[in-house]
Amino acid sequence: MRKRILIVTLSVTVLGILILSLLFTDVFYRGAVESAEKQLKTYGNFFDVSAPFTQEEAEKLAERLDASRVTYMSADGTVVADSAAEVEGETREDRSEVIAAIAEGEGFSVRRSKTVGENMVYYCFRTEGAAGGAPAGALVRIGLPLSSEIEYFVDALPTIVWFLLLDILCCLIFAWVATSGILK
């Protein structure tokens, strides 16, 4: 009897803790994405439309933006400059944030970057253009690294393990007390 009560209570609570852990991981991840999107939109305000649309300026802007990744592109998504890699002349027209920026003026995306090999949040917007600076309709993309959902879960594992150990202890005490009362 004791063994059965222990197994049932332990199974239910362990399953509950694991499900809640997965749900909370998703909630925290979505919150991190929303926070990064707000931060990137604010970073977009630091772009100086009158500054030259060059590799050097992309690197300067990236440095001012806490080492974010900054990519300057022509209106069709061809890379003009990138602060993180030598990709000038390559096209980014197939990236969702670029497609949205071309169509709607701005766009966001969360994905793994093939160029830098990290999970990134991207914000891309179309510029109005200015003499001596960015051409009209050019695109500016700013990216920030972001942990994946799996990385959030792995980071939470030590806490989850402590909760599971505490759960096992509570289940043992509960099973002992419950079965002692039933057997008397």
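How many residues apart are E56 and K60 in helix α2, and about how many helical turns separate them? They sit 4 residues apart in that helix, which spans residues 55-64. That spacing amounts to about one helical turn. The model described here is predicted.

## A pair within helix α2

E56 and K60 form a salt bridge. Their closest N and O atoms are 3.4 Å apart. In general, side chains of opposite charge can pair when their charged atoms come close.

How open are the two partners? E56 is exposed, with a relative accessible area of 52%. That value passes the mark for exposed residues, which is over 50%. K60 is partly exposed, at 42% relative accessibility.

## Salt bridges elsewhere

The structure holds 9 salt bridges. One of them joins the side chains of R111 and E97. Here the N to O distance is 2.6 Å. R111 lies in strand β3, residues 106-112, while E97 belongs to helix α3. The two are 14 residues apart in sequence, so the pair ties together separate parts of the chain.

## R95 and its surroundings

R95 is found in the loop between β2 and α3. Its side chain meets that of D94 in a salt bridge, with 3.6 Å from N to O. The two partners differ in how open they are. D94 is exposed, with a relative accessible area of 55%. R95 counts as buried, because its relative accessibility is 15% and the limit for buried is under 20%.

What does R95 touch, leaving out residues up to four places away in sequence? The answer is R111 and R141. R111 is also the salt-bridge partner of E97.

## A negative patch on the surface

Which residues gather in a patch of negative charge on the surface? They are E59, E63, E86 and E88.

E88 is exposed, with a relative accessible area of 63%, whereas R95 is buried at 15%.

## A175 in helix α4

A175 is found in helix α4, which covers residues 149-183. Is A175 buried or exposed? It counts as buried, with a relative accessibility of 4%.

Its contacts come from the start of the numbering. Leaving out residues up to four places away in sequence, A175 touches R2, I5 and L6. K3 gives a distance for this region. A175 and K3 are 172 residues apart in sequence, yet their C-alpha atoms are 7.8 Å apart in space.

Note on methods. Residues are numbered from 1 along each chain as its sequence is written. This is a predicted model: local features need pLDDT of at least 70, side-chain atom pairs count only at pLDDT 80 or more; totals for chains, interfaces and linings use all residues. Side-chain values use heavy atoms; hydrogens and water are left out. Patches are made of residues with over 30% relative accessible area and no salt bridge: like charges are joined within 9 Å, nonpolar side chains (Val, Leu, Ile, Met, Phe, Trp, Tyr) within 5 Å. Accessible areas come from the Shrake-Rupley method with a 1.4 Å probe; for residues, only the protein chains shown count as cover. A salt bridge is a side-chain nitrogen of Lys or Arg within 4 Å of a carboxyl oxygen of Asp or Glu. Lys and Arg count as positive and Asp and Glu as negative; His and the chain ends are not counted. The place of a charge is taken as NZ of Lys, CZ of Arg, CG of Asp or CD of Glu. Buried means under 20% relative accessible area, exposed over 50%, partly exposed in between (1.4 Å probe, protein chains only). Contact means heavy atoms within 4.5 Å.
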